[in-house]
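Trainee: Before I use the labels in this model, I would like to hear what stands behind them.
Mentor: Then ask about them one at a time.

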Amino acid sequence: EAAGSAYTSSKHGLLGLMRSVAVDGGPHNVTSNAVLPGWVRTAMADRSAEAEADERGLSVDEIWQERAALYAPGRVPTADEVAHLIAFLASDEARYANGAHFLVDGGLSA
């Protein structure tokens, strides 16, 4: 895909920004972390699945089955599962988690 390098570069740039904010904010008790969920069934991801299904001659359900197969539990994480991690990171219990990235992928099967 032609946009793959730009997309990947932007993600790496955001991780660098997150780490810089963590260092700069640390002395002020400001934390900065990244949550990396992979595929989550959202309106945007559904549009992506529709486009991919049209391009490959598959159904949208087949695309989501392929995406789900990437994860050890055999399903994509829910938006609620991602939100729970974000809520934890925003809580006082996570006040010393800083400059880290958190995968919400159930343990990729790949």
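Predicted model: local features only at pLDDT ≥ 70, side-chain atom pairs only at ≥ 80, totals over all residues.

Trainee: Why does Ala 100 count as partly exposed?
Mentor: The relative accessibility of Ala 100 is 24%. Buried means under 20% relative accessible area, exposed means over 50%, and partly exposed is in between, with a 1.4 Å probe and protein chains only. The 24% of Ala 100 therefore makes it partly exposed. Ala 100 lies in the loop between α4 (79-89) and β2 (101-103).

Trainee: What makes the pair of Trp 39 and Trp 64 edge-to-face?
Mentor: Rings of Phe, Tyr and Trp (its six-membered ring) pair if their centres lie within 6.5 Å; planes under 30 degrees apart are stacked, over 60 edge-to-face, and the rest tilted. The count by this rule is 1 aromatic pair. The ring centres of Trp 39 and Trp 64 are 6.1 Å apart and their planes are at 80°, so the pair is edge-to-face.

Trainee: Which parts does the pair tie together?
Mentor: Trp 39 is in the loop between β1 and α2, and Trp 64 is in helix α3 (residues 60-69), so the parts tied together are 25 residues apart in sequence. Helices (H or I, at least four residues) and strands (E, at least two) are DSSP runs, numbered from the N terminus.

Trainee: Is Trp 64 buried or exposed?
Mentor: Trp 64 has 6% relative accessibility, so it counts as buried. Trp 39, with 29%, is partly exposed.

Trainee: How do you know that the charged end of Arg 67 sits over the ring of Trp 39?
Mentor: The rule asks for NZ of Lys or CZ of Arg within 6 Å of the ring centre and within 35 degrees of the ring normal. The charged end of Arg 67 is 3.4 Å from the centre of the Trp 39 ring and is listed as sitting over it. The charged end of Arg 67 also sits over the ring of Trp 64, 4.8 Å from its centre.

Trainee: Where is Arg 67, and why is it called buried?
Mentor: Arg 67 is in helix α3. Its relative accessible area is 3%, so it is buried.

Trainee: What does the side chain of Arg 67 reach at 3.2 Å?
Mentor: The side chain of Arg 67 reaches the backbone oxygen of Ala 45 at that distance. A polar contact is a pair of N or O atoms within 3.5 Å; within protein, one must be able to donate a hydrogen and the other to accept it, and residues adjacent in sequence count only if both atoms are side-chain atoms. Another such contact has a polar side-chain atom of Ser 32 at 3.1 Å from the backbone oxygen of Met 18. Ser 32 lies in the loop between α1 and β1 and, with 11% relative accessibility, counts as buried.

Trainee: What makes the phi of Asn 29 worth a remark?
Mentor: Most residues other than glycine have a negative phi. Asn 29 is not a glycine, yet its phi is positive, about 60°. Asn 29 is found in the loop between α1 and β1 and is exposed, at 75% relative accessible area.

Trainee: Which residues line the second largest pocket?
Mentor: Among them are Asn 29, Asp 92 and Arg 95. A pocket is an open set of points on a 1 Å grid over the protein atoms alone, where a 1.4 Å probe fits, with protein on both sides within 12 Å along at least five of seven lines; lining residues have an atom within 4 Å of a point. The volume of the second largest pocket is about 220 Å³. Asp 92 lies in the loop between α4 and β2 and is exposed, with 57% relative accessible area.

Trainee: How much space lies in the largest pocket?
Mentor: About 1000 Å³. Of its 27 lining residues, those closest to the centre are Tyr 7, Lys 11, Gly 38, Trp 39 and Met 44. Helix α1 gives the largest share of the lining, 7 residues.

Conventions:
Residues numbered from 1 in each chain as written. Heavy atoms only, no water. Points joined across faces, edges and corners; volume = space filled by probe spheres on them.
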